[in-house]
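Here is a briefing on one protein model. Keep the sequence and the 3D view side by side as you read.

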Amino acid sequence: DNHMDRRVISIMFMDIAGFTRISEELEPDQLIALTTDYMQAMCDVIVNHNGTLDKFIGDCIMALWNAPRHLKHHEQAAVGAALDMQARLVRLHNRWVLEGIPTIRFRIGINTDTVLVGNFGCEYRINYTVLGDGVNLASRLEAANKPFGTVALVAETTRNNSLSAFAFRKVGAITVPGKAEVLTVFEPLYRTAAAPQR
């Protein structure tokens, strides 16, 4: 049965930039090798930071923090994962270059908001997932990296609850269709001395 509760969580969307072009240029076995390496490495980081893998949407990974398990400082865990993903991709690139595999870029968006979490679906299939405007904003943040030329963007709520552990740069503002307010977005830069290491 469908059952969802309201909870404040941190939501991440991450997507490979230019994946359609990459998939057209590579042979099928090369594409499978690249995406398998990439997905495994990024999912390892998410799990190591106590995140929950929600779903794969093509080459996009959607992850959650503070659901289903309660997690203190979930905003910091999500931001830490975003920084570690960038470091992990550099290590992948170093190996891929030696193997003749092309390098890739990705984009990450993180938002913290009150959303519906729980089981949702129909009689044929039910998934544990999240619903709400806060989920849509996380996806918008991921896409906003392209015009800003950034790798990761976080919402102001995520940044405000992570200031004790990370340094951020104010990037600019975005508008969300159907919303009147303009939202300020931030780029996570590096850990501070207070940040937990993994």
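Asparagine 50 is partly exposed, at a relative accessible area of 29%. Here buried means under 20% relative accessible area, exposed means over 50%, and partly exposed lies in between (1.4 Å probe, protein chains only). The model is predicted: local features need pLDDT of at least 70, side-chain atom pairs count only at pLDDT 80 or more, and totals for chains, interfaces and linings use all residues. Residues are numbered from 1 along each chain as its sequence is written, and side-chain values use heavy atoms, with hydrogens and water left out.

**Backbone features**

- Most residues other than glycine have a negative phi, and most peptide bonds are trans.
- Asparagine 50 has a positive phi, near 60°, and is not a glycine.
- Asparagine 50 sits in the loop between α2 and β2 (52-57). Helices (H or I, at least four residues) and strands (E, at least two) are DSSP runs, numbered from the N terminus.
- Asparagine 66 also has a positive phi, about 80°, without being a glycine.
- The loop between β3 and α3 holds asparagine 66, which counts as buried at 9% relative accessibility.
- Proline 68 has its place in the loop between β3 and α3. The peptide bond joining alanine 67 and proline 68 is cis, with omega about -5°.

**Nonpolar cores**

- In soluble globular proteins, nonpolar side chains tend to be buried together.
- A nonpolar core is a set of buried Ala, Val, Leu, Ile, Met, Phe, Trp, Tyr and Cys residues joined through side-chain atoms within 4.5 Å.
- The largest such core has 38 residues. Met12, Met14, Tyr38, Met42, Met85 and Ile108 have the most contacts inside it.
- At least two residues of this core come from each of β1 (3-16), α2 (28-48), β3 (60-65), α3 (74-99), β4 (106-121), β6 (152-155) and β7 (166-175).
- Helix α3 gives the largest share of this core, 10 residues.
- A second, separate core has 12 residues, among them Ile9, Met62, Ala67 and Val135.
- Which residues does methionine 14 contact, leaving aside neighbours within four places in sequence? They are Tyr38, Met42, Asp59, Cys60, Ile61, Met85, Phe106, Arg107, Ile108 and Glu142. Contact means heavy atoms within 4.5 Å.

**Packing of α2 and α3**

- Two packed helices are described by the angle between their axes and the distance between the axes.
- Helices α2 and α3 pack at about 150°, with axes 10 Å apart. That makes α2 roughly antiparallel to α3.
- On the α2 side, the contact is made by Leu34, Asp37, Tyr38, Ala41, Met42, Asp44, Val45, Ile46 and Asn48.
- On the α3 side, the contact is made by Ala81, Asp84, Met85, Arg88, Leu89, Leu92, Arg95 and Trp96.
- Axes are lines fitted to C-alpha atoms, for helices over the stretch in contact; angles run from 0 to 180 degrees between N-to-C directions.
- Angles under 35 degrees count as roughly parallel, over 145 as roughly antiparallel, 65 to 115 as roughly perpendicular, and the rest as oblique.

- Threonine 157 lies in helix α5 (residues 156-160). Threonine 157 is partly exposed, with a relative accessible area of 37%.
- Not counting residues up to four places away in sequence, threonine 157 touches Asn111 and Thr112.
- Threonine 157 and isoleucine 110 are 47 residues apart in sequence, and their C-alpha atoms are 9.7 Å apart.
- Asparagine 136 belongs to helix α4 (residues 133-148). Its relative accessible area of 48% makes asparagine 136 partly exposed.
- Asparagine 136 and asparagine 111 are 25 residues apart along the chain, with 9.1 Å between their C-alpha atoms.
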